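Hi,

Here's the model I promised to pass on. Have a look at it first, and then read my notes below.

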Amino acid sequence: MAVSYEFYEPVSPVEFVLLQSLSDPKQRLLNQLLNALGSPAEMLTFANRISREAFHRLESDAVRNTGSIATTRSVDVDDHRMLEKAVTGSTQLASTSQAVQAMAMARYAAIDEELVDSDTGVTTKVEHPLGHQAPFADTDLAAACQMAPRTASSKLSNSIDACTKTPGLLAAAVEGSIPYWKVSLVASELVSASPETSHRVEQHLLDTKGFDTWGYLKVKTAARTLVTQWEAEAAKKARVKEAKETTGVWVRPSDIPGMAELCAIGPADQIARIYGAVDQLADQRAKNPSKADDPATDAKPTLGQLRLGALHDLVTQGADVSYQVVIQVPVVREEREEQAATAAKRATDDPEHEPEASPDDGSPPPGQSTSSPRGPDHSGAPADTDGTESDSTARESDHCYTTGWARIAGIGFIRPEVLDALIEQFGCRLTRALVNADTGVTGETSTTVYEPTPRIRQFVQQRDQTCRFPMCTRAAIRCDIDHVIEWPQGPTAGHNLAALCRHHHDAKTKKHWDYDMSDDGVCTWTSRTGRTYITYPDSVHDAS
């Protein structure tokens, strides 16, 4: 007897989707979960938890080696395919997450304050159309995402461009047909293009066969070529903007102790002339080596060393080079009773010898030069004393001191022999700074007037090293000195002063951010949404 089956055919696509979801238990559970979660933030939190669980399951299944004994297990095709799907799935998930981040950033930037009552000055928050960027929105996102300010600002602008200039590409990234980096790359090329040109370029790329297989260089070249072809002025503006943002000279500590890196980016003709001069001078030094280049006890210098020496001579010749070298002097507290006992014992052992007074005027103990590059065995206050303010919260007789380290701002710690060479060649200025031996944080200083004295300014710069806003790396020597509590309510003292770059200083002044600082220099920042972030003063222990 033959058995016949009858299938119900849905009368509409919507009905078909509903039936399919009901027939799939996992899909049904997912729909219930999405309805229960509600907000995008809750969904992302759960997605993050699911991704973390996926990682732990992969980790638990991983092959481990114990000691020298290799443990292996056989796998079948399904296991291999599962891992392949995990790789491709996580790649698509990352791309979708970046697209979600871009949309969230663009909408966050669109939220701004709008004046409600001009008489009272009352304002309210409103969300503008995509494309609007509220002041200081980048500072919020930099702190929340642990990004450098410049990175956050660039990412925020790119997210706005991606959402407004390439919405079709953004949708394709969400669906998984292209990775998000292609959206970001095309949007960066359309930054100065008109909406019409942007739409035209986007549609051309989406309609091009094989666009999903293009690499970075081909995508960038194609987008730039199309903009140049259809809107030459926009392409020119984009090139000028990119060149301006990347031009400069930077220095940073090297991974190798005692070394530093110098990087220069600029117009090709300028870089070519600089490099040509350095190469020519290096060739001359190779043909006519000096004792400094080729000492009898060392091996013959490499071409790289010769070029560095030539660059050094080329740049510093005729220049008045001045270094500010800080000798870090760790302070170890001692009890007064122990010092008194020690002094009494010395007097008892040698009646003719009177114990030497511990100076409180900033001068070094007897027999110790203020310009010693090694740092004092028993040091006083910082060397550049001007008598205008107190330099330490504790009397010097309460401390003993050990040999410190030499540090140049922006370069890092240097060896004593390098410091000797700097003193001999350039006569660099030395400053001694008292630091807490336990925390590595510089001590205290203050004055009674509004404007910080040069000595106080130097103290704040030495303690902070960089802007005190979360994730900001602008050097303190190029920052404003801000009163945490406005003067005269707050004193012009180290515990009420912080280094802030102009952008973050403005954000604080205009009440977009609030912060307070403890007596030991710990800053607590509060954003307009109530999130808090803590930054700590520079410590010699962090860099040693």
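This is a predicted model: local features need pLDDT of at least 70, side-chain atom pairs count only at pLDDT 80 or more; totals for chains, interfaces and linings use all residues.

Residues are numbered from 1 along each chain as its sequence is written, and side-chain values use heavy atoms, with hydrogens and water left out.

Back to the rings. There are seven aromatic pairs in the structure; rings of Phe, Tyr and Trp (its six-membered ring) pair if their centres lie within 6.5 Å, with planes under 30 degrees apart called stacked, over 60 edge-to-face and the rest tilted. One of them is Phe-469 with Trp-525, an edge-to-face pair at 5.0 Å centre to centre and 75° between the planes. Phe-469 sits in the loop between helix H16 (454-464) and S13, and Trp-525 in strand S17, so this pair ties together parts that are 56 residues apart in sequence. Helices (H or I, at least four residues) and strands (E, at least two) are DSSP runs numbered from the N terminus. Phe-469 and Trp-525 are both buried.

Tyr-515 is in strand S16 and Trp-525 in strand S17, ten residues apart. Ring pairs join Phe-469, Trp-513, Tyr-515, Trp-525 and Tyr-533 into a cluster.

**The sheets around it**

S16, S17 and S18 make an open sheet in that order, with antiparallel pairing (two strands pair if DSSP finds at least two bridges between them). Strand S16 (514-517) and strand S18 (532-535) are the edges, each pairing on one side only. On average, neighbouring strands here are turned by 20° against each other, direction ignored; the axes are lines fitted to C-alpha atoms, for helices over the stretch in contact, and angles run from 0 to 180 degrees between N-to-C directions. S17 (residues 523-526) and S18 share four bridges in the antiparallel sense, and Cys-523 has Thr-535 as its bridge partner in S18.

Strand S13 (residues 480-483) also pairs antiparallel with S15, over four bridges, and Asp-480 stands opposite Leu-500 in S15. Which residues cover the two faces of S15? Leu-497 and Ala-499 are on one side, Ala-498 and Leu-500 on the other, and all are buried.

Gly-494 is in the loop between strand S14 (492-493) and S15. Gly-494 is buried as well, at a relative accessible area of 1%. Its C-alpha is 8.0 Å from that of Gly-521, which is 27 residues away along the chain.

**A few residues worth a click**

Leaving out residues up to four places away in sequence, Lys-220 touches Leu-185, Glu-189 and Glu-242 (a contact means heavy atoms within 4.5 Å).

Most residues other than glycine have a negative phi. Gln-146 has a positive one, near 55°; Gln-146 is in the loop between helix H5 (137-145) and helix H6 (149-165), and counts as exposed at 62% relative accessibility. Gln-465 has a positive phi too, about 70°. Gln-465 lies in the loop between H16 and S13 and is buried, with a relative accessible area of 18%.

**The whole chain, and where to be careful**

The protein chain has 18 helices and 18 strands, and 32% of its 544 residues count as buried. Of the contacts between residues at least 6 apart in sequence, 61% join residues at least 24 apart.

Mean pLDDT (the predictor's confidence in each residue, from 0 to 100) is 75, and 66% of residues reach 70 or more. Confidence is highest in helix H8 (residues 180-189), at a mean of 94, and lowest in strand S8 (residues 399-401), at 40. Over residues 343-404 the pLDDT is below 50, though this stretch has 121 contacts in the model beyond near neighbours in sequence.

Cheers

Note on methods: Buried means under 20% relative accessible area, exposed over 50%, partly exposed in between (1.4 Å probe, protein chains only).
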